[in-house]
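Morning, everyone. One structure today, and I'll keep it brisk. Have a look at it first.

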Amino acid sequence: MKNIPVILMGCGGVGRQLLQHIVSCRTIHANKGIHLRVVGVCDSKSFLVAPDVLTMEFNDTFLMDICQIKSNGMSLQTCVDSGKCESFSYPESTKKLTNIASSLAFTLVDCSASSETVKIITQAVNSGCCAVLANKKPLTSSMEDFDNLFLHPRRIRHESTVGAGLPIISSLNRILSSGDTIYRIIGSLSGTLGYVMSEVEDGKPFSEVVKAAQALGYTEPDPRDDLSGMDVARKGLILARLLGQRMDMSSIKIESLYPDKMRPNTMSLKDFLANGLPLLDSDIETRIKKASSNGNVLRYVCVIENSRCNVGIQELPKESALGRLRGSDNVVEIYSRCYNKQPLVIQGAGAGNDTTATGVLADILDLQDLFP
Ligand SMILES: NC(=O)c1ccc[n+]([C@@H]2O[C@H](COP(=O)([O-])OP(=O)(O)OC[C@H]3O[C@@H](n4cnc5c(N)ncnc54)[C@H](OP(=O)(O)O)[C@@H]3O)[C@@H](O)[C@H]2O)c1
Ligand SMILES: *[C@@H]1O[C@H](CO)[C@@H](O)[C@H](O)[C@H]1NC(C)=O
């Protein structure tokens with residue numbers, strides 16, 4: 001049996017689902033000769049670690065206790081009394097993690113939403129560990145951070161950072177390593193904005209659709225976090241950098257679906273929903289009618305082409321894969337030498353704890369050959 005030590009950063013919706021998948025896949029993994037040995041878990045405050053990472057692990061009961069405690073909104077610190085782990089808080093936690101990385105090769109999994117993890121991941125990878133990311137932030141800070149992180153590209157997987165479990169990154173990597181030239185990527189990479197754009201197409205007012213999406217739990221608590229386009233831009237940046245483009249967030253042109261005067265620091269959420277949003281209806285309606293008269297539809301997409309990355313509303317042919325998109329699926333069209341007239345299309349659910357955690361788990365398994 002091959003033992004793969006795992007340390008998880010982030011124990012929210014995705015991190016907990018990952019721990020559950022690890023436990024429920026024990027037999028499937030054992031049949032492949034693999035055992036995932038979870039030796040540490042951290043949240044924003046504490047790092048819990050097995051007393052001896054070389055020989056011990058958190059057993060499945062303890063992993064499920066951790067999930068329970070975190071989903072009750074309590075701190076990981078609550079688990080310390082169990083005697084099954086040691087606990088460290090920042091900055092000792094970072095030192096401890098660095099220490100472990102110098103004596104044990106493990107897979108460091110980032111299911112946090114923090115921009116602070118990039119340094120420790122880079123350090124771990126450079127001392128021989130592997131890393132799997134669902135968190136986009138380590139990949140979207142400076143080019144320098146990105147270069148340092150990818151000094152050992154074979155030790156890093158980050159499929160779930162774009163399109164959750166969909167095989168977008170792995171498909172791009174296969175195309176790129178075969179020497180096929182990618183001319184253009186265009187994708188609807190926000191389930192929320194995909195839903196909103198397909199609903200307004202049916203004639204519903206933009207404000208009503210956004211409020212309905214919020215009520216269905218499709219949006220962030222403040223829907224402006226989705227409407228700003230920042231999350232799509234982060235995904236666009238990851239794809240653009242994958243194609244070799246050396247750019248930063250600041251070089252991406254982002255169309256926000258609300259004006260500056262309705263920003264969260266200027267207008268309360270309540271005011272935005274009641275009074276701000278409805279002011280945006282007529283503009284969207286006019287644009288939809290104009291597109292429709294050309295036989296087109298509007299989609300909120302990221303376009304990567306000619307060394308540029310733009311994020312915003314585009315008019316697209318009704319009959320294209322993106323034009324046919326309904327609901328909250330993600331869709332990516334990839335145009336290359338081989339996929340020239342007809343693009344390669346990848347479509348499916350692009351969010352959700354389950355699909356995201358599944359993508360992370362598949363990445364961890366993908367790196368198995370790097371362990372003895
Ligand atoms: N959910 C999705 O559909 C989806 C899809 C694709 C990608 N992702 C990405 O996956 C990541 C996790 O998403 P989520 O929905 O699970 O987020 P979440 O529920 O907000 O959970 C984030 C977790 O990270 C912990 N954390 C924060 N700062 C940390 C740090 N410096 N070190 C270690 N842990 C830290 C938090 O700790 P506390 O518990 O103490 O607050 C929390 O447990 C995000 O980056 C997200 O963008 C999510
Ligand atoms: C993901 O997990 C969080 C935390 O448990 C939960 O609030 C949220 O509803 C889940 N999202 C989905 C789509 O299941």
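I'll take the sheet, then the ligand site.

Keep in mind that this is a predicted model.

Strand β5 covers residues 107–110, and strand β6 covers 130–133. The two run parallel, joined by four bridges. Val-109 stands opposite Val-132 of β6.

On to ligand 1. Where does it sit? The space it takes is the largest pocket. Two elements give two or more residues each to the shell around ligand 1: α1, residues 13–24, and α16, residues 353–366.

How many residues are around ligand 1? There are 21, and Val-14, Ser-44, Lys-70, Ser-112 and Gly-352 come nearest. By class, the shell splits into eleven polar, seven nonpolar and three charged residues.

Now the polar contacts. Ser-44, one of the nearest residues, puts a polar side-chain atom 2.6 Å from an oxygen atom of the ligand. Cys-11 uses its backbone: an N or O atom there lies 2.9 Å from a ligand oxygen. Asp-43 also uses a backbone N or O atom, 3.4 Å from a nitrogen of ligand 1.

On its own, ligand 1 has 920 Å² of accessible area. The protein covers 69% of that.

That's the tour. Thanks.

Key
Residues are numbered from 1 along each chain as its sequence is written. Chains are lettered from A and ligands numbered from 1 in the order in which they are written. This is a predicted model: local features need pLDDT of at least 70, side-chain atom pairs count only at pLDDT 80 or more; totals for chains, interfaces and linings use all residues. Side-chain values use heavy atoms; hydrogens and water are left out. Two strands pair if DSSP finds at least two bridges between them. A residue is near a molecule or strand if one of its heavy atoms lies within 4 Å of it. A polar contact is a pair of N or O atoms within 3.5 Å; within protein, one must be able to donate a hydrogen and the other to accept it, and residues adjacent in sequence count only if both atoms are side-chain atoms. Accessible areas come from the Shrake-Rupley method with a 1.4 Å probe; for residues, only the protein chains shown count as cover. On a 1 Å grid over the protein atoms alone, a cavity is a set of points where a 1.4 Å probe fits but cannot get out, and a pocket is an open set with protein on both sides within 12 Å along at least five of seven lines; lining residues have an atom within 4 Å of a point. A molecule sits in a cavity or pocket if more than half of its atoms lie within 2 Å of its grid points. Ala, Val, Leu, Ile, Met, Phe, Trp, Tyr, Cys and Pro count as nonpolar, Asp, Glu, Lys and Arg as charged, and the others, Gly among them, as polar.
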